[in-house]
Amino acid sequence: MDEVFKALADPSRRRLLDVLNERNGQTLRELCAGLDMARQSVSKHLAVLEAAGLVTTTWRGREKLHYLDAAPINAITERWMTRYDRRRAGALADLKRALESTPMNEFAYTTYISTTPKKLWQALTDPAFTRQYWGVSFETDWKKGSPVVWAENGAKTSHPDQVVLESDPYRRLSYTWHTFTEEWAKGNGIDAETLSKLQAEGRSKVTFTLEPQGESVKLTVLHDGFEPGSTVMAMCSQGWPALLSSLKTLLETGSPLPAA
């Protein structure tokens, strides 16, 4: 938490977060073009923000993309708002509102898990693991272009567009998101109105990037391809943090978090 406060204390770093909030997933070159700062200065500020968990990165080909991660700010807000009045914490609340006021079309999340890349890959792909922390089983061989069948709450979801996009074992995995069917909605308690909104949207995709970090693995999840004002993104952005926390707990303790 000290690192987050120190990172936010610098106005240039706060401006960087504002720029990413306006348009997430920018390269260093794009960020420099939109700020009156030298490339070296922007790089240093980004390093501080990334160390504080406020910015996460992923690679798209040779381009390194930077994403805002508001989770540490939300955590501070939840802790300190309950201890002090809103007037004292006004600046922090304003920042939280600013981060949430502009809808983003991508969701990025980074966590560090005490495990190995091989074990984490298994946890992301093996039904014996995914059922424990996710309640989902995937029927696929995890080869690029292969179909992916989702099995969740007694319903199986398949579609020609549900496929593996990338598969580099222990390093990177990407696949398209599932189709929203009536059977899936019934099994998950989704009402007809919400289902209609979900079905009206285009298909998104999720990408997992695994990077060894000493005795841990840095896991970056990028879920993108959402439409402006996406109902799918609103639901996924709430679900991913809890799901990944349960994954982390499972790999580090042997048991997932209790179901909510």
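**Close-up 1. The exposed face of α4 in the predicted model.** Gln40, Lys44 and Ala51 are exposed, and they sit on the face of α4 turned away from its buried side. Exposed here means over 50% relative accessible area.

**Close-up 2. The buried side of α4.** Which residues of α4 are buried? They are Val42, His45, Leu46 and Leu49. These residues lie on the same side of α4, because they cover an arc of only 105° around the axis. An α-helix has 3.6 residues a turn, so residues three or four places apart point the same way.

**Close-up 3. Packing partners of α4.**

**Close-up 4. Length and end of α4.** Helix α4 runs through residues 39–51. Its 13 residues should span 18 Å at 1.5 Å a residue, and its end C-alpha atoms are 18 Å apart, which agrees. Gly53 follows α4 and has a positive phi, near 80°.

**Close-up 5. The largest pocket.** Its volume is about 860 Å³. The lining has 30 residues. Nearest the centre of the pocket lie Trp134, Glu152, Asn188, Gly239 and Leu243.

**Close-up 6. What lines the largest pocket.** At least two lining residues come from each of α8 (127–133), β5 (149–152), α9 (182–188) and α11 (231–253). Which element gives the largest share? Helix α11 does, with nine residues. By class, 20 lining residues are nonpolar, eight are polar and two are charged.

Notes: Residues numbered from 1 in each chain as written. Predicted model: local features only at pLDDT ≥ 70, side-chain atom pairs only at ≥ 80, totals over all residues. Heavy atoms only, no water. Helix = DSSP H or I, 4+ residues; strand = E, 2+ residues; numbered from the N terminus. Expected span 1.5 Å × (residues − 1). Buried < 20%, exposed > 50% of the residue type's maximum accessible area, 1.4 Å probe, protein only. Arc of directions from axis to C-beta. Contact = heavy atoms within 4.5 Å. 1 Å grid on protein atoms, 1.4 Å probe; cavity = no way out; pocket = protein on both sides within 12 Å on 5 of 7 lines; lining within 4 Å. Points joined across faces, edges and corners; volume = space filled by probe spheres on them. Nonpolar A, V, L, I, M, F, W, Y, C, P; charged D, E, K, R; others polar.
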